[in-house]
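Please view the sequence and the model alongside the text.

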Amino acid sequence: MEFRLSAEDQHGSTDFPSLSPDGREVAYIARDPEGVPNVFTVSLEGSHPRQRTHHVRACGRVRWSPDGRWLAYVSFDAGQRPQLHLLAAEGGHPPQMLTTGTGAVYSLTWLNRG
């Protein structure tokens, strides 16, 4: 099954989009101009689409943090297995790779501690 934001949506990701906690933006996985799945955001009305990552290998599973300050996702940039990455939602900083294990990170969720 593919999830699309609109009839014109060309990203065709099997990852669910993630709604920001304030309900103003949607984070999703889409193919960049080179055809690599990366993290994008768009306003809820569909305006201001923005490519948020520029990885050379596929990204997936993007999720907003409960406070809306971060985007977490997985990427294959580190090798054959996807690893967890973190990106500041306001931008201005490169993504951080949080895991470097020999295992793969296939899904993620945030723990909301209030």
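## Basis of the description

This is a predicted model, in which local features need pLDDT of at least 70 and side-chain atom pairs count only at pLDDT 80 or more, while totals for chains, interfaces and linings use all residues. Residues are numbered from 1 along each chain as its sequence is written, and side-chain values use heavy atoms, with hydrogens and water left out.

Strands here are DSSP runs of E with at least two residues, numbered from the N terminus. Two strands are said to pair if DSSP finds at least two bridges between them. An open sheet is formed by 4 strands in the order 1-2-3-4, with antiparallel pairing. Strand 1 and strand 4 (50–51) are its edge strands, each pairing on one side only.

Strand 1 (residues 18–19) is joined to strand 2 by 2 antiparallel bridges, and L19 lies opposite V26 of strand 2. The hairpin of these two strands has 5 residues between the strands, and G23 takes a positive phi near 75° there. Strand 2 is also antiparallel to strand 3 (residues 37–43), over 7 bridges, with R31 opposite P37 of strand 3. This second hairpin likewise has 5 residues between its strands, and G35 in the turn shows a positive phi of about 90°. Strand 3 and strand 4 run antiparallel and are joined by 2 bridges; F40 stands opposite Q51 in strand 4.

Burial is defined by relative accessible area: buried is under 20%, exposed is over 50%, and partly exposed is in between (1.4 Å probe, protein chains only). Strand 2 is largely enclosed by the rest of the structure, because 5 of its 7 residues are buried.

## The sheet of strands 5 to 8

Another open sheet consists of 4 strands in the order 5-6-7-8, again with antiparallel pairing. Its edge strands are strand 5 and strand 8, and each pairs on one side only. Strand 6 and strand 7 run antiparallel and share 6 bridges; W70 has A88 in strand 7 as its bridge partner. Strand 7 is joined to strand 8 (residues 96–97) by 2 antiparallel bridges. Across this pairing, H85 stands opposite M97, and L86 stands opposite Q96.

Strand 7 (residues 83–88) is mostly covered, with 6 of its 6 residues buried. In a regular strand the side chains alternate between the two faces of the sheet. Both faces of strand 7 are covered: Q83, H85 and L87 are buried on one side, and L84, L86 and A88 are buried on the other.

## The nonpolar cores

A nonpolar core is a set of buried Ala, Val, Leu, Ile, Met, Phe, Trp, Tyr and Cys residues joined through side-chain atoms within 4.5 Å. The largest such core has 10 residues: A27, I29, V39, C59, V62, W64, L71, Y73, L87 and A89. Strand 2 (25–31), strand 5 (59–64) and strand 6 (70–75) each supply at least two residues of this core, and strand 5 gives the most, with 3 residues.

Contact means heavy atoms within 4.5 Å. Leaving aside residues up to four places away in sequence, V62 touches F16, S18, A27, Y28, I29, V39, L71, A72 and Y73. A second, separate core has 6 residues, among them A72, V74, L84 and L108.
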